[in-house]
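Thanks, everyone, for making the time this morning. I would like to talk through one structure on the screen, going from single contacts to the side where two chains meet, so please hold your questions until the end.

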Amino acid sequence: MEFQIQNSEELKVKITSPFCQHCGNPIPSRLSGVFCCAGCQRVYEWIQGHQFQRYYDLKRNASSIRNSQPSQETSEDYLYLDEPEFLENYSQKTSEGRSMDFYLDGVHCAACVWLTEKVANFVEGVSSIRLNLGSSVAHVQISEKGKFSEAADALEKMGYRPHPVKQGAHEVLQKKENRLFLIRIAVAAACAGNIMLLAVSLYSGADGAFAERFKWISFGLFLPVLLFSATPFYRSAWGALRSKEISIDIPVVFGLLLGSAVSIANLFNGDDRVYFDSLSTLVLLLLSTRFALKRTQQIAADSSRALHFLTPSRVKRWNATREAYDTIRVDELVQGDRVRVLPSESIPADGVILTGDSSLDCSLLTGESRPHRVTSTDLVFAGTTNLDSPIEIQVTQSGTQSRIGKILTSMESMLSRKAKITIFAHRVARYFVGAVLFLFGLSFFISPHGTWTEGLNRALAISIVTCPCTFALITPLAFSMTLGRLARMGVLVKGPEVLERLAQIQTVFLDKTGTLTFGSPQVVQWKVPADLETAILALESLSTHPIALALVQYLRPRVKTSVPTPTDIKETQGQGIQGRIGSDLIEIRRALQTTLGTELEVLKNNQSVGRIVLNDQIRPESKSMVEKLRSIELTPWILSGDHTIPVQQTARIVGIKAGNCIAQASPEMKSEWVRSQNPALMIGDGANDALALAQASVGIAVRSGVEISLQASDIYLRTPGVRPIYEIVVIARETLWVVKRNLLFSTFYNLVAGGFALFGKIDPLLAAVLMPVSALMVLTSTFTGTRRLRSAFQELKA
Amino acid sequence: MNIIYILIPVTLLLGLFFIVLFILNSLDGQYDDLDTPAHRILIED
C-alpha cells in the first residue's frame, strides 16, 4: 500500500494529540501514531485519497447523536447483493431502477450524512443515497446499470459497514403505523390546545351565552380526541381484557370513558362540571410518551434485526460427473457431499476430513483458545474456522442436524419458553384499579345530599383526579429515556422488561474467549530489529491467516513510511511466508507452540534475527470491570469451554476466585449452570454461549460474536469488549428506582386527591390544575433521574 | 364582544387548515425521519 504524509509539520501536531485522527477515540498507550487502530487508519487514508477532507471539518463542528466508534477492519465480499434472487427479496423496483435499504454501522453525526450521501457522486450507477441518522438506515437508489455491491463497497471503505435491510410487509406496516400515530398526536395537540383556551375563559368567569357556547365548542373539539386520537388505548385495553392480562390501559380507558360520559351528560343538563380540558390533555400526554417509547424500541429492534443478517455463504462442492467444484449455497448441502474448505473459510457442515492437514479455530463453538491440529479421518464441526491449508471434507450432518444447528434449535425453543414477565408498574396498576373502584363505590354511599347525581359527580371527580396519569405516563417515559440514551452509546436493549430483570440479578457469568479476552491472537512479545518492521508488514499484508492479520494490525499504526512491494513471495500454508524486499530475503515462520502462545521466528537471508510471540490476550478493561461488579455485590463467575489452565490464569488476572471458575463446559453445561443460579446475567459471544444467553434472565452478547448469540441475547453491545457491563447494571437499577420513586409519589398524590374528591371538594378547575401539576412533578423526577444514574451515563460516554 | 362570534370560527378554521396540512405531509413521508433534517441543515452544498 502506497501512502505518504505530505506535510510533516502537520504530522507533528497530530502525534501529540492522544486521540485518533479518524474516530476521535483515545489511542491505546501501547500504540504510537495518530490512529487508534488499523481500521481507522485505512478509512482515513481512503477519505484523504478521495479528497473528502471536508468530512473532518464538518465532524469537528457537528454534534453527535451517538458515540463515534473505531472503524472495524473488514473485507467483506458484497457480490451477493447483485444476485437476482437477492434483489428479488431485498430491493424494490422504482421508476429509475432499484432501491435497497442498508443499516450502516457507525454513523453518528452530520459529517456522516454528508460523506455517505457523497457515494452517489463518484460511484457510477448510484443515483442517490439518503441516510436516516436516527435509525442508521441508508436508502440507496441505483439506476438500471448500477450495482448495489459497488455502493456497499464504497460505504465499507468509508468505515460504515453496510448490512442489507429487508423491506418486508412488517417494515411497510410499521412505517404506516408510525405516521398514523404522529397524526393522532397532532390532532390531540391541536384540539387540547384550543379546548384549554376556551377552558381558561370559562374558569376566569365567562358566563351566560358565552359559557354555554364555549362548552359546546369544547365538546366539539373533544370528539376527535375521544373518537380518533385515543383509539390505541381502547384497542390495547380491550386486548388485555380479552386475554385476562393486566394492563395500565384498562384504568386509563375506564377513567377516560367515564369522564367523557358524565361530562357530556352534565353538558346536556346544564351542569358546569365538564372535564374536556383535563381529559384531552391526558390523552395528549399519554400518546406522546407512548410514541417516544415505541420509537426507541423500534430503533433497537431494527438495528438488531439488520445485524442478525447472515451473509449467504457459498461452498465448493465436488461434482463427480463434471470432475470439478460447483459453487453452491450452504443450505443446499446434503449428507455425503464432498466439500473443499480453503484457509480462513469456515466449515459449512459437520463431517470427516478426507484429505489435508490443517488446524482449526474452534473458539466460537467450544470456547477453546488454542487451535486444533486435524488430519484425515478426523471429525470437524460446522462453525469452526479452517486456519492453515485447504482440506476436503465429507459431509455427515448438515443444516439443523449439525451440532451448531441443534444448538440453534434448542436455543429457539428456550427463547419461546422464556417467561414473559409483566412490568412491575403494570402489576401495581391492578391494586390501583381496585382502590379507585372501591373509592368510586364509596362516594355513592357517603354522598351528603343523598342524590344520585351528586354521588355520580363525586365519583367522576375521583376517577378524573386519580386518573392514572402518573402511572401510565411516567413508567414508559423513564424506560424510553434510558433505552434511548443507552442506544446512543451503542448498547441495544430489546425492551423495558430487560431493564427490570437486570436490576434483580445476583450472579454474573462471563465467557472467557472473546469476552474477557480478545478471542484472536495478539502480539505479546516483539523482539525484531526496527528496520524490518516495514518488510514484515509488506509480507504479512499478503496473507489472510489470522496470525498475519494480527501482525498487520500491530504494525500498521507503527509504520509511517511507504510500504515496499515484495517479490519472489512464497507462502507455506500454516507455516509462514517469505519474500524478497530489495536485495534481502525475509522470512517469517512459525517456530513453536509454547505456554506463552505461538512463537514466530524472523529470518533475514536465512539468519534468525528476531522473535515474535502471539497469544490471546485479556482485554485491558476486563479486570476493572470485574472489580466494579464486585463493588455492587454481584458475584462474577467464569463459564468457559476452554481448558482448566488458561481459565484459571485468566481468573487470577481479572480477580475471580478459583472456586468460581468452570472450565471445559459444553453449551448444555453452560446453560445448566446459568439455570441453577438464576436470576443471573450471562455475557458471551460464541455459538457455545447461545444456550446460556437464552437461559439466563438477562443475556448480553458482545460485539464480534456470532449471529446466533446475538439472537439469543437481550442486550447487544455494538462496541467490542466488556467495559460498559457495570454501567449497564447500575443504569438498570437506578432507572427502576426512579420508576418506583415516581410510583410512590403518585400513590401519595392519588390518596390525597382521592380523599378530597370523596368529600366533594374537587371541581373542574382544581382537577385541571392538579393533574398537570402532578404530571409535571413526576416528569421532573424522571428527567433528573438520580445522581448515580447521571454519573453512570457520564462514565459510559467517556 | 360580538366580535368573538367571528374570531372563534376563524381561529378554528385556521387550526383545521394546519391540521389538514400536517396530515397530508405526514402521509407523504415528510416526518418518517425525525432526526436527520436537524443535522442536514448544517451542511451547505
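**Salt bridges, rings and an interface**

Let me begin with one residue, A:Arg273, which counts as partly exposed because its relative accessible area is 23%, where buried means under 20%, exposed means over 50%, and partly exposed lies in between, all with a 1.4 Å probe and protein chains only. This A:Arg273 forms a salt bridge with A:Asp271, and their closest N and O atoms are 3.4 Å apart; the term stands for a side-chain nitrogen of Lys or Arg within 4 Å of a carboxyl oxygen of Asp or Glu. Salt bridges with shared partners also join A:Asp511, A:Lys670 and A:Asp689 into one network.

Before going further, some words on conventions. This is a predicted model, in which local features need pLDDT of at least 70 and side-chain atom pairs count only at pLDDT 80 or more, while totals for chains, interfaces and linings use all residues. Residues are numbered from 1 along each chain as its sequence is written, chains are lettered from A and ligands numbered from 1 in the order in which they are written, and side-chain values use heavy atoms, with hydrogens and water left out.

Another salt bridge joins A:Asp249 and A:Arg290, where the closest N and O atoms are 2.9 Å apart. Because A:Asp249 lies in helix H11 of chain A and A:Arg290 in helix H12 of chain A, this pair ties together parts that are 41 residues apart in sequence. A:Asp249 counts as buried, since its relative accessibility is 5%.

Now to the rings. A search of the whole structure finds 21 aromatic pairs over all chains, a pair being rings of Phe, Tyr and Trp (its six-membered ring) with centres within 6.5 Å, called stacked if the planes are under 30 degrees apart, edge-to-face if over 60, and tilted for the rest. One such pair is A:Trp46 with A:Phe122, which is tilted because the planes stand at 50 degrees, with the centres 5.8 Å apart. As A:Trp46 lies in helix H2 (residues 38-49) of chain A and A:Phe122 in helix H6 (residues 119-122) of chain A, the pair ties together parts that are 76 residues apart in sequence. A:Trp46 counts as buried at 13% relative accessibility, while A:Phe122 is partly exposed at 33%.

A second tilted pair consists of A:Phe509 and A:Trp637, at 5.7 Å centre to centre and 40 degrees between the planes. It ties together parts that are 128 residues apart in sequence, because A:Phe509 lies in strand E16 (residues 507-510) of chain A and A:Trp637 in strand E23 (residues 635-639) of chain A. Both A:Phe509 and A:Trp637 are buried. Ring pairs also link A:Trp216, A:Phe219, A:Phe222, A:Phe268 and A:Phe276 into a cluster.

Finally, chain B and its partner. The secondary structure of chain B comes to two helices and zero strands, and of its 45 residues, 20% count as buried. On the contact side, 23 residues of chain B touch 31 residues of chain A, contact meaning heavy atoms within 4.5 Å. The area buried between chain B and chain A is about 2,300 Å², with 65% of it from carbon and sulfur atoms; this is the accessible area (1.4 Å probe) that the two parts lose on being put together, summed over both. B:Asp32, B:His39 and B:Arg40 supply 24% of the area that chain B buries against chain A, more than any other three residues.

How many salt bridges lie between chain B and chain A? The count is three, and in one salt bridge the side chains of A:Arg295 and B:Asp35 meet at 3.9 Å, N to O.

Conventions. Helix = DSSP H or I, 4+ residues; strand = E, 2+ residues; numbered from the N terminus.
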